[in-house]
Amino acid sequence: LGIPVLGFCYGQQIMAVTLGGEVGHTEKGEYGPAPLTRCDEGKSALYGDTPAEQTVWMSHRDAVSRAPEGFAVTAKTDVCPVAAMENAEKKIFTTQFHPEVKHTEYGQQILSNFLFNICGLEKNWTMDNLVESMTADFRETVGEDRVILALSGGVDSSVVAALGARAIGKQMTCVFINHGLLRKGEPEQVEEVFTKQFDVDFIHVHAEDRYAELLAGVVEPEEKRRIIGTQFWKEFFAVAQQLETDGKPVKYLAQGTIYPDIIESGARKTGGKTATIKSHHNLIPFPDGVHFDLIEPLDHFFKDEVRALGLALGLPAHIVFRQPFPGPGLAIRIIGAVDKEKLEILKNADAIVREELDAYNQRLFEETGDRNSEHSCWQYFAVLPDIKSVGVMGDERTYQRPVILRAVESSDAMTADWAKLPYDVLAKIS
C-alpha cells in the first residue's frame with residue numbers, strides 16, 4: 001500500500017511469513033514481563049529515544065526465526081532473538097511484544113512515535129468531540145424507532161444507557177433484571193441513577209425468587225452460568241414482548257459490548273481466530289418470531305476509555321468506577337451451591353473489601369493524581385469457598401467459612417498483575 005504499517009505479536013509473525021521470513025515453534029514460550037534489549041544502535045524511529053534496556057509484555061510460544069529480506073532486527077530478549085524488526089525504507093515495523101498494554105514500560109511512547117512521528121498524524125481527538133459524534137450516530141441510527149437495553153448496573157451497560165438517554169430519551173427502555181445475585185446496595189443505586197438522573201423508561205424486574213429456585217443445589221460454575229444466562233434472556237424477552245403488546249414495538253437491542261468482550265468470546269468481529277474465554281458474551285438466543293437489530297456503540301472501546309466516556313456523559317463516579325462484575329454475579333464467586341445464607345455472608349464480606357479498597361485507591365489518587373497509578377487496584381472482590389475452618393474466638397472454638405480476597409492491577413482489562421496491598425489495608429479488611 002505504500003503506507004506505514006505496524007504489527008505486533010501475530011502481526012509480526014504473519015508479516016514475517018508473508019514477506020519471505022520464517023516462524024518457528026520454540027521450546028520455551030514467553031508470558032508476561034520480559035527484559036528487552038534494543039539492537040538498532042539508536043536509529044529506529046519506532047523506538048526513538050526510549051532506553052536501550054526496557055521491560056515489555058510478551059505472550060507467545062511461536063516466534064520469528066528468520067527476518068524477511070530487507071528487514072533489520074531492532075530488538076531481542078533472552079528467549080526471542082527477533083523481538084522486533086523493521087524495514088525503515090518501506091516504513092514497515094513489527095514487534096513480538098505488546099506495546100498496547102500497560103505492562104510494556106515504553107509502549108505508549110512507541111505507539112506515539114509510530115502515529116505522530118512516522119505516520120504524521122495530529123493529536124486532535126478529545127472525549128468531548130466523541131460524546132457529540134456518538135450521540136449523533138446513535139440518534140441517526142435509531143431515527144424514530146424504539147430501543148431496548150439490558151441494564152446490568154455495570155459500567156458498560158450504564159454508559160450505553162447514558163448515551164441512549166442523551167441521544168433519544170424515552171425512545172429507550174432500560175430493563176434491569178434483578179436476579180438477587182448482585183452486590184450489596186447495587187439494585188437500589190442503579191434504580192436511583194436511572195429513574196432520577198436520566199430521562200429513560202426504566203423497568204425493574206424482580207426475579208430473585210425464580211433464580212433462587214433454579215440454582216438450588218447447582219455446584220458446577222459453567223452450569224450456573226448457563227442457568228443464569230438462559231433465565232436472563234427469558235425475563236428480558238418477556239418484557240420486550242409486553243412492550244410490543246403495549247403498542248411500543250422495539251426495533252433495536254442496545255448492548256454494552258466492549259472490545260475485550262469480542263476478543264474473549266471468540267473474536268466474532270476480528271476473524272474468529274482467538275480462543276473462546278467467555279461463554280456468555282454476545283450470544284443472544286432470540287426466541288421464535290423475535291429479533292432485534294443490535295447497537296453496540298462501545299465495541300471498539302477498552303475499559304479505561306468507557307469510564308472516561310461515562311464521566312463525560314455525566315454518570316456519577318460510583319457507577320463509572322464501579323468494580324467490574326460478571327453477568328452471573330455472586331453465583332460464580334460462591335464455590336459450590338448457592339443459598340440465601342452464603343449470599344448474605346458474601347454480600348457483606350464483599351462490601352467490606354470494596355469499601356476498604358475503594359478508600360485505599362482514593363488515597364492513592366489524592367497522593368499521585370493518577371487513577372491508574374501502578375500501585376492502585378483495578379479489580380477486587382471476595383470469594384466464598386465451599387469449606388469451613390476451625391478457629392478460636394475469645395475462649396470458644398469456632399467453625400466458620402474463610403473468605404478469599406482477589407485483587408489485581410490493570411488499566412486496559414487485557415493484562416493484569418497481582419496487587420501489592422499494604423499490610424495495614426489487609427489487616428483492616430480482615
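Figure 1. Glu 41 counts as exposed, because its relative accessibility is 68% and the cut-off for exposed is over 50%. The model shown here and in the other views is predicted. Glu 41 sits in the loop that runs between strand S2 (22–38) and strand S3 (53–66). Its phi is positive, about 55°, although Glu 41 is not a glycine.

Figure 2. The loop between strand S5 (84–87) and strand S6 (92–95) holds Lys 91. Phi of Lys 91 is near 60°. That is a positive value in a residue other than glycine. With a relative accessible area of 38%, Lys 91 is partly exposed.

**Figure 3. His 98, buried in a loop.** His 98 lies between S6 and helix H2 (107–118), in the loop. Its relative accessible area is 17%. His 98 therefore counts as buried, since the limit is under 20%. The side chain of His 98 makes a polar contact of 2.9 Å with the side chain of Glu 100. Neighbours within four places in sequence aside, His 98 is in contact with Phe 8, Cys 9, Trp 57, Ser 59 and Thr 104. From C-alpha to C-alpha, His 98 and Ala 83 are 10 Å apart in space, and they are 15 residues apart in sequence.

**Figure 4. The packing of helices H3 and H9.** Helix H3 (residues 127–142) packs against H9 at an angle of about 80°. Their axes are 10 Å apart. The two helices are therefore roughly perpendicular to each other. On the H3 side, Met 127, Val 131 and Met 134 make the contact. On the H9 side, Glu 305, Ala 308, Leu 309 and Ala 312 make it. By type, the residues of this contact of H3 with H9 divide into 6 nonpolar, no polar and 1 charged.

Figure 5. Glu 296 is found between strand S11 (293–295) and helix H9 (303–312), in the loop. Glu 296 is buried, with a relative accessible area of 11%. Its side chain makes a polar contact with the side chain of Gln 255, at 3.2 Å. Glu 296 and Phe 138 are 158 residues apart in sequence, yet 9.7 Å apart in space, C-alpha to C-alpha.

**Figure 6. The largest nonpolar core.** This core has 44 residues. Those with the most contacts inside it are Ile 148, Ile 177, Phe 236, Phe 237, Phe 292 and Leu 357. Several elements each supply at least two residues of the core, among them strand S7 (147–150), strand S8 (172–178), helix H11 (340–368) and strand S12 (379–383). H7 gives the most to this core, with 9 residues.

**Figure 7. Phe 292 and its contacts.** Residues up to four places away in sequence are not counted here. Phe 292 touches Ile 148, Phe 237, Ala 240, Val 250, Lys 251, Tyr 252, Leu 253 and Phe 286. A second, separate core of 40 residues includes Leu 130, Leu 163, Tyr 252 and Val 320.

**Figure 8. Arg 354, a buried residue of H11.** Arg 354 has its place in helix H11. Its relative accessible area is 15%, so Arg 354 is buried. A polar contact of 2.9 Å joins the side chain of Arg 354 to the side chain of Asp 350. Beyond its neighbours within four places in sequence, Arg 354 is in contact with Arg 183, Lys 184, Gln 323 and Tyr 380.

Methods
Residues numbered from 1 in each chain as written. Predicted model: local features only at pLDDT ≥ 70, side-chain atom pairs only at ≥ 80, totals over all residues. Heavy atoms only, no water. Helix = DSSP H or I, 4+ residues; strand = E, 2+ residues; numbered from the N terminus. Buried < 20%, exposed > 50% of the residue type's maximum accessible area, 1.4 Å probe, protein only. Polar contact = N/O pair within 3.5 Å; in protein donor to acceptor, adjacent residues only side chain to side chain. Axes fitted to C-alpha atoms, helices over the stretch in contact; angles between N-to-C directions. Parallel < 35°, antiparallel > 145°, perpendicular 65-115°, else oblique. Contact = heavy atoms within 4.5 Å. Nonpolar A, V, L, I, M, F, W, Y, C, P; charged D, E, K, R; others polar. Core = buried A, V, L, I, M, F, W, Y, C linked by side-chain atoms within 4.5 Å.
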